[in-house]
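Hi everyone, thanks for coming. Let me put the structure up, and then I'll walk you through a few parts of it.

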Amino acid sequence: MPINDIRLSPHFKLKEFQCRCCGTVKIHPMLLEALERLRELWGNPIVITSGYRCANHNREVGGAKESRHMKGFAVDVVCIASEQARVSKLAREAGFDQAIPYGVRNFIHLGVWPKD
Ligand SMILES: [Zn+2]
Ligand SMILES: [Zn+2]
């Protein structure tokens, strides 16, 4: 069985969150819960293009120095530009405090900020 091929919740597997360069993975439960809520509100399959990032990978892709991707608090998901405003609003309802649309790059960045 390939590593990280493990179902975490009805719609997500661990491997979807793993670092694209090394397979390391870290994910806060609050991120998973918010994603499942968004899946329900949006009614669309959610495709994660970037989940956890190790420090090297974060540097490679030009991520922010203190990126939430390095903490397991953020994902980038596919979303066409014309839907980004609506999906950002749904994301806030779902529990994300961060929803950053990337326009014609066709993705949005979603982040949670756990209290503990
Ligand atoms: Zn990596
Ligand atoms: Zn991001």
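Before the metals, a word on terms: a donor here is an N, O or S atom within 2.8 Å of the metal (3.2 Å for Na, K and Ca), and water is not among the atoms, so sites may look incomplete. Please keep in mind that this is a predicted model, in which local features need pLDDT of at least 70, side-chain atom pairs count only at pLDDT 80 or more, and totals for chains, interfaces and linings use all residues. On bookkeeping, residues are numbered from 1 along each chain as written, chains are lettered from A and ligands numbered from 1 in written order, and side-chain values use heavy atoms, without hydrogens and water.

So, which residues hold the zinc ion called ligand 2? Its protein donors are His69 through NE2, Asp76 through OD and His109 through ND1, lying 2.0 Å from the ion. Histidine 69 sits in the loop between α2 (55-60) and β4 (74-78), while histidine 109 belongs to strand β6, so this pair, 40 residues apart, links distant parts of the chain. Helices (H or I, at least four residues) and strands (E, at least two) are DSSP runs, numbered from the N terminus. Both histidine 69 and histidine 109 are buried; buried means under 20% relative accessible area, exposed over 50%, and partly exposed in between, with a 1.4 Å probe and protein chains only.

Now to the other zinc ion, ligand 1. Cys19, Cys21, Cys22 and Cys54 each give it an SG atom, 2.3 to 2.4 Å away. Angles among these four donor atoms run from 100 to 118°, and the site is tetrahedral, a label for four donors with all angles between 85 and 135 degrees. Are the cysteines buried or exposed? Cysteine 19 counts as buried because its relative accessibility is 2%, whereas cysteine 22, at 43%, is partly exposed.

Let's move on to the sheet. Four strands form an open, antiparallel sheet in the order β3-β4-β6-β5; two strands pair if DSSP finds at least two bridges between them. Why do β3 and β5 each have one side without a neighbour in the sheet? They stand at the edges, each with a single partner strand.

Strand β5 (residues 98-101) joins β6 (residues 107-111) through four bridges. Glutamine 98 has glycine 111 as its bridge partner, and proline 101 stands opposite isoleucine 108. Five residues lie between the strands of this hairpin, where glycine 103 takes a positive phi near 50°.

Notes. Four donors count as tetrahedral if all angles lie between 85 and 135 degrees; four count as square planar and six as octahedral if opposite donors are over 155 degrees apart and all others between 65 and 115; anything else is irregular.
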